[in-house]
Amino acid sequence: MQLKKLELLAPARNTDIGIAAIDCGADAVYIAGPAFGARAAAGNPIDEIARLCRHAHLYGAKVHATVNTLLEDPELVQARQLVQDLYDAGVDVFIVQDLRLLEGPLPPVELHASTQTAIRTPERAQELESLGFSRLVLERQLTLDQIRAIRAAVSCELEFFIHGAICVGYSGECYLSQQLTGRSANRGVCAQACRSRYDLVDAEGRVLVRDQPLLSPRDLRLDGLLPDLVAAGISSFKIEGRLKNASYVKNVVRHYRGVIDAFLASHPDYAAASAGRLEGGFTPDPDRTFTRGWTTAFVDAGPDRRPRAKMRSEDAAKALGEPLGEILAVRGRVVEISGSKPLANGDGLSFVGKGDAVTGARVELAEGRRVTLRDKTGLTPGMRVYRNLDIRFERELEKNMPRRVLDVALDWHSRDGQTVVTASSQGVSVEQRFTDAAPLADKSDVALEGLRRQLGKHTGPFAFAIRSLEADPVRFYSAAFLNGIRRDLAEALQERLETRPRPDMAHTSRPGAAALNRSTLGIPAELLRSRYCIRWELGMCPRCRVKPGMTSVTPGPDPGSPLFLVNQKNRLRLHFDCAACEMVITPDC
């Protein structure tokens, strides 16, 4: 029986972070080359991509290159050359947004349709599969039922974001940044206008909500829903964060490696998409690195299409950190904080006061629940306290990395003075042959035990173990001699694994593919469409006036009354497509 593979896909701002992700258990990483990645600030030179590919391939892991921006006409030639250079560097997958790339020749590796290609219906999934994509990266604002419907419509692999930031608008079809700042999300330079603070104003100019990040969603966290996503047809689980630092990537990857491994342990018909097992290292905790608070978004939404999870990051669009408690007292620069979590010198704290105003400070001296701050301006008892930098955890992530180990089977066959030693891992084998002039052993059992012990050790990433041993006659070998054999085999095996050939996937040019592009370089009348709805988040939805967990609701405006988002000179109009349970934003003109 062929096992079904599950992939944990991690972000890599640069090669060192990508290597850290692999070392913490990622089955694949996605990274940008020097241009045309959807995060312009996260580009990397080709030689660095090649270094990452060698390390990933050692473990049978893959490197996905993001070529997922819309292209200007003169850039097509440059983009095709970049794709070839990335292929030559060892890349296994290209993640594509602009479908014009499919109209010409492409290297023979996997093609994945970016989430920027707007994949949220079975019909759209079928269109993209027909172009030759072997995987579709689905829209984040889907329910399990919608994922199941797409799974039933196509045969290619499906990928879904399982952790990290959520775009408030449908991916690939948000023009808010471009409208307000001139920076296009489809060109990799999104200004994240959704994280700005806005007033919510009605048609009469009354301010209903003042100075809040009304379009800023919390971060996605679906570790508790992984079995449901597998059952719905997802085989690749993607962590968002190509602008995140190494601490975030290490912590989150190690956490989800454990979640997936626990699933695999109870489902023998599934297997990890890469090789190696983790030994030792830090204990992960997603609450202790970057988070705007967690949501399951719409994945587990009910049949009435009402999301069960709250999405809006109410206090701030930035990461507040893990909740600690509240300020009990302020005496000079000394602040006393409730709660039981230990604090340390150098911790970063966030304080949320009236009007959800957020201030921050670093701890100069921690003494139990009392901390001395350099500046306590504006801090008062009752303010909520969060830790957005856990200095001890950061040091643990840096100094206590897990070890990713590859098991190697050794076969020793020695007869009539000729010896062959074979080392095998992941279907790749290397061998050493030599004429055996070692002295005969006085005690065969002792000599064989010494041979097993010396050859069955760790060398680099490899854990060697004797699988078969045939020795006639039995000879005695020095520890130095056997260690040298093991080191030579490890070096040869590592080289073979890092440079093993990729499977060829021939691609047919698809004339007319550009006609299926959903995104545009211009700005359409509809700046943003989303299942995220401000009226629902504020308890003002005419179809669902009371949200789960709410004890009271402030009456909202009449459903037919226009609402506006105002930010300095910018004014945006909100529309509510209640039949589709979607919110639309347009310019107010």
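Student: What makes strand β21 and strand β25 count as a pair, and in which sense do they run?

Tutor: In this predicted model, strand β21 (residues 403-415) and strand β25 (residues 462-472) share 10 bridges in the parallel sense. Two strands pair if at least two bridges are found between them, so with 10 bridges β21 and β25 meet that condition. Within this pairing, W412 stands opposite L469 in β25.

Student: Where does D416 lie, and why is it called buried or exposed?

Tutor: D416 is found in the loop between β21 and β22 (418-425), and its phi is near 55°, a positive value in a residue other than glycine. Its relative accessibility is 66%, and because exposed means over 50%, D416 counts as exposed.

Student: What about A297: where does it lie, and why is it called buried or exposed?

Tutor: A297 lies in the loop between β14 (294-295) and β15 (322-331), and although it is not a glycine, its phi is positive at about 55°. Buried means under 20% relative accessible area, and since A297 has 1% relative accessibility, A297 counts as buried.

Student: Which strands make up the closed barrel, and how do they pair?

Tutor: The closed barrel has 6 strands, which run in the order β15-β16-β19-β18-β17-β20 with antiparallel pairing. Neighbouring strands of this sheet are turned by 50° against each other on average, direction ignored. One of the pairings is that of strand β17 (residues 348-352) with strand β18 (residues 358-367), which extends over 5 bridges in the antiparallel sense; there V352 stands opposite V358 in β18.

Student: Turning to the helices, why are α1 and α2 described as roughly parallel or roughly antiparallel?

Tutor: Helix α1 (residues 15-23) and helix α2 (residues 46-58) pack at an angle of about 10°, with their axes 9 Å apart. Angles under 35 degrees count as roughly parallel, which means that α1 is roughly parallel to α2.

Student: Which residues meet where α1 packs against α2, and how do they divide by type?

Tutor: On the side of α1, T15, D16, G18, I19, I22 and D23 meet E48, I49, R51, L52, H55 and A56 in α2. The residues of this contact divide into 5 nonpolar, 3 polar and 4 charged.

Student: How do you know whether α1 is enclosed, and what covers it?

Tutor: Of the 9 residues of α1, 8 are buried, so this helix is largely enclosed by the rest of the structure. The buried residues are T15, I17, G18, I19, A20, A21, I22 and D23. What covers them includes β1 (4-11), β2 (28-32), α2, α8 (246-265), β13 (277-279) and β21.

Student: What makes the arrangement of α8 and α9 roughly perpendicular or oblique?

Tutor: The axes of α8 and helix α9 (residues 391-399) come within 10 Å and cross at roughly 75°. Since angles of 65 to 115 degrees count as roughly perpendicular, α8 and α9 are roughly perpendicular to each other. In this contact, S247, K250 and N251 in α8 meet F393, E394, L397 and E398 in α9, and these residues divide into 2 nonpolar, 2 polar and 3 charged.

Student: How many helices and strands does the protein have, and what are its overall dimensions?

Tutor: The protein has 12 helices and 29 strands, and its C-alpha trace spans about 100 × 70 × 45 Å along the principal axes. Buried residues make up 55% of its 589 residues, while the accessible surface comes to about 24,900 Å², of which 50% belongs to carbon and sulfur atoms.

Key
Residues numbered from 1 in each chain as written. Predicted model: local features only at pLDDT ≥ 70, side-chain atom pairs only at ≥ 80, totals over all residues. Heavy atoms only, no water. Axes fitted to C-alpha atoms, helices over the stretch in contact; angles between N-to-C directions. Helix = DSSP H or I, 4+ residues; strand = E, 2+ residues; numbered from the N terminus. Parallel < 35°, antiparallel > 145°, perpendicular 65-115°, else oblique. Contact = heavy atoms within 4.5 Å. Nonpolar A, V, L, I, M, F, W, Y, C, P; charged D, E, K, R; others polar. Buried < 20%, exposed > 50% of the residue type's maximum accessible area, 1.4 Å probe, protein only. Areas by Shrake-Rupley, 256 points an atom, 1.4 Å probe, with all protein chains shown as cover.
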